[in-house]
Amino acid sequence: MDRLDNTVRPYAWGSTTAIPRLLGTEPTGEPQAEMWMGAHPGAPSRTGRGTLAEVIDADPERELGAAAVAKFGPRLPFLLKLLAAGSPLSLQVHPDRAQAQAGYEDEERRGVPVTAPHRNYKDANHKPELICALTEFDGLCGFRDPLHAAALLDGLGVDSLKPYVDLLHARPEEAALREVLTAVLTADPDEMAYTVTETAAACDRLGGDHAPYAGIAHHYPGDPGVVAALLLNHVRLQPGEALYLGAGVPHAYLDGLGVEIMANSDNVLRCGLTPKHVDVPELLRIVRFEAVDPGVLRPEAGPDDEEVYETPTDEFRLSRYVLPEGAPAHDVTLDAPQILLCTAGTVHAGEHDLTPGQSVFVPAGEKAEVSGTGTVFRATVVL
């Protein structure tokens with residue numbers, strides 16, 4: 001069992017205080033957006049045996065187990081994070097596996113450098129995600145019913161939004177959502193900047209259901225993603241609640257601290273709320289234009305007091321143990337790789353004492369128990 005030394009990524013949208021508060025360290029004044037736990041080549045966790053990527057590469061079957069290697073290949077198929085949003089992330093979607101593979105092969109064939117700012121597909125994998133709130137957590141997830149979106153837009157009283165309201169009323173669901181998002185993302189930039197300014201002022205004045213969008217506009221003045229965001233469901237998670245983000249579902253995280261787990265991929269297509277490249281035709285090909293219930297997840301009781309967040313993805317499985325004082329130890333031995341992350345209290349994982357923000361990697365088949373008083377998240381795979 002290896003204690004992990006993890007990298008914190010300083011993305012501009014990150015909170016300056018949330019991760020330091022969890023770790024019990026002093027803020028630096030700089031954003032601390034994500035702490036990565038895993039073997040992602042961009043920032044692999046460090047262990048006493050080298051980086052976790054190096055450890056796994058040296059003996060994949062020993063570290064991951066023969067069954068995981070047979071199913072996912074000789075790599076850790078998930079990335080676990082602490083994510084701390086201090087301002088909205090980009091509005092985005094992720095491709096499914098077939099779309100990712102086709103897109104990656106096409107860009108490779110055309111010689112688009114992987115580091116190019118207009119490159120869409122960094123790898124050939126899909127990127128389903130799960131975010132579990134540690135604090136109150138705001139996000140956007142999936143399209144609203146077109147009629148509900150129309151009512152929200154119409155209630156702003158902004159004349160330049162009227163054509164979108166009319167489209168949302170006049171078309172079947174898929175066509176309405178597609179036509180409005182296309183119109184928003186391809187509008188004249190100056191005209192859209194004016195619309196966003198008027199929309200932001202109306203959202204700020206009206207408050208209520210419009211309030212989250214005023215905050216988004218404050219961070220991204222003039223960005224067409226502000227209007228696109230109004231088409232999406234606003235979700236506020238309470239601690240312990242989670243969201244699953246599947247392929248093609250537009251989403252954005254707005255504010256809060258959570259534990260995030262995802263398939264090991266960097267494939268993102270952006271819809272707005274970003275200065276980065278937006279490939280509108282490819283985005284429109286990937287987005288699923290259907291109204292959805294965001295489907296807030298709550299943990300389901302598993303064996304031995306384990307609380308499981310059920311998803312349709314095999315590359316990762318997230319669960320947690322909430323350990324009251326005096327609780328017996330729980331055997332967490334698995335024939336699969338796992339990362340254990342403490343988020344509250346003091347948890348004993350084998351010979352390691354973990355405080356909030358500390359984590360360990362447990363190789364497949366390694367005898368492992370958790371005990372103590374606090375909360376520990378368990379990340380593994382489904383075999």
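**Exercises on a predicted model**

Over residues 3-144 the chain is 27% helix and 25% strand, with the end C-alpha atoms 43 Å apart; helices (H or I, at least four residues) and strands (E, at least two) are DSSP runs, numbered from the N terminus. The model is predicted, so local features need pLDDT of at least 70 and side-chain atom pairs count only at pLDDT 80 or more, while totals for chains, interfaces and linings use all residues. Residues are numbered from 1 along each chain as its sequence is written, and side-chain values use heavy atoms, leaving out hydrogens and water.

**Exercise 1.** Work out which strands join β21, and in which sense they run.

*Solution.*
- Start with β16 (residues 317-323): seven bridges join this strand to β21, antiparallel. Here arginine 317 has threonine 380 as its bridge partner.
- Next, β17 (residues 330-331) pairs with β21 over two bridges, also antiparallel; pairing requires that DSSP finds at least two bridges between the strands. Aspartate 331 stands opposite glutamate 369.
- Finally, 10 bridges link β18 (residues 338-349) to β21, again antiparallel. Histidine 348 faces serine 371 there.

**Exercise 2.** Explain why β21 is described as largely enclosed.

*Solution.* Count the buried residues (under 20% relative accessible area; exposed is over 50%, partly exposed in between; 1.4 Å probe, protein chains only). In β21 (residues 369-380), 10 of the 12 residues are buried, so the rest of the structure largely encloses this strand.

**Exercise 3.** Find where the buried residues of α8 lie around its axis.

*Solution.*
- List them: Ala176, Leu177, Val180, Leu181, Val184 and Leu185 are buried.
- Look down the axis of α8: the buried residues fall within an arc of 145°, so they line one face of the helix. The arc is that of the directions from the helix axis to the C-beta atoms.
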